[in-house]
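The structure comes first, then the points by topic.

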Amino acid sequence: MKRSELNQIMRDAVEFIQKMNFKLPPFAFWSPEDWAEKGSDYNEIRDNMLGWDITDFGSGDYRKIGLLMFTIRNGNFNDPQYVKPYAEKLLIVEEEQITPYHFHWSKMEDIINRGGGNLMVKVYNSTEDEKFADTPVKVMVDGHHYHVPAGSVIRITPGESITLYSGMYHSFWGEKGTGRILLGEVSKVNDDRVDNRFYEETGRFPAIEEDEAPLYLLGNEYPAAKE
């Protein structure tokens, strides 16, 4: 992805988030120059990859296959100094913008439609060899527990949420004609470096063509702490 594209996606996201009356933490707006001056007292942000996360999943077409996330808080699988057993993210999904099939070995999550359009979520159980199972899928939507056939699509309207448990394949997108969606994610500790199993080979973090200066850094780009 080009840096100019990432910058514009961030500008659009900030405008949409403000329109939806959600407030991002101050570090969302730190420039690369700000980060260069931050000491080790901000290592929780660095080590747990808080902040901006934009990916086209290696598709080369973000608007078709892509996702914007902002990690607000997170623990850490590998560092005992970070004791939080939970994580929280904000996500923005465009109409018909697909997040590819994947599951998490460890993470269980609630995806909450905070406003905008309708979210469409397609679900499968996984087999022991990590293929799609043909078994009925247990669905949990706002305390309602029921089963659907493998490959069913569940519509999550504003205010609703769905629970996605470990090992459950899911893909999602915004329903056509309903508008951009602001999602919340509340989960166990999140580590996208080791806890994602995509059904098809997928790039998780984009290669960036530096055609202009960064507006804000991504969560995997922070410089080391200033001594």
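The largest nonpolar core has 28 residues, and Trp52, Ile54, Leu68 and Phe70 have the most contacts inside it. A nonpolar core here is a set of buried Ala, Val, Leu, Ile, Met, Phe, Trp, Tyr and Cys residues joined through side-chain atoms within 4.5 Å; buried means under 20% relative accessible area, exposed over 50%, and partly exposed in between (1.4 Å probe, protein chains only). The model is predicted: local features need pLDDT of at least 70, side-chain atom pairs count only at pLDDT 80 or more, and totals for chains, interfaces and linings use all residues. Residues are numbered from 1 along each chain as its sequence is written, and side-chain values use heavy atoms, with hydrogens and water left out.

- Apart from it lies another core of 22 residues, including Leu91, Ile111, Val141 and Ile154.
- Not counting residues up to four places away in sequence, Ile54 touches Leu6, Ile9, Tyr62 and Leu218, among others (contact means heavy atoms within 4.5 Å).

**A buried charge**
- Asp56, in the loop between S1 and S2, is buried yet has no salt bridge.
- The nearest side chain of opposite charge to Asp56 is Arg204, 8.7 Å away (Lys and Arg count as positive, Asp and Glu as negative; His and the chain ends are not counted).
- A polar atom of the Asp56 side chain lies 3.3 Å from the backbone nitrogen of Gly60.

**Salt bridges**
- The whole structure has 16 salt bridges (a side-chain nitrogen of Lys or Arg within 4 Å of a carboxyl oxygen of Asp or Glu).
- Glu37 pairs with Lys226, with the closest N and O atoms 2.6 Å apart; the two residues are 189 residues apart.
- Glu44 and Lys84 form a salt bridge at 3.1 Å between the closest N and O atoms; Glu44 lies in helix H3 and Lys84 in the loop between S2 and S3, so the pair ties together parts 40 residues apart in sequence.
- Asp12, Arg63, Glu94 and Arg180 are linked in a network of salt bridges.

**Sheet**
- Five strands form an open sheet in the order S9-S6-S11-S4-S13, with antiparallel pairing (two strands pair if DSSP finds at least two bridges between them).
- Strands S6 (residues 119–125) and S11 (residues 168–174) pair over seven bridges.

Key
Helix = DSSP H or I, 4+ residues; strand = E, 2+ residues; numbered from the N terminus. Polar contact = N/O pair within 3.5 Å; in protein donor to acceptor, adjacent residues only side chain to side chain.
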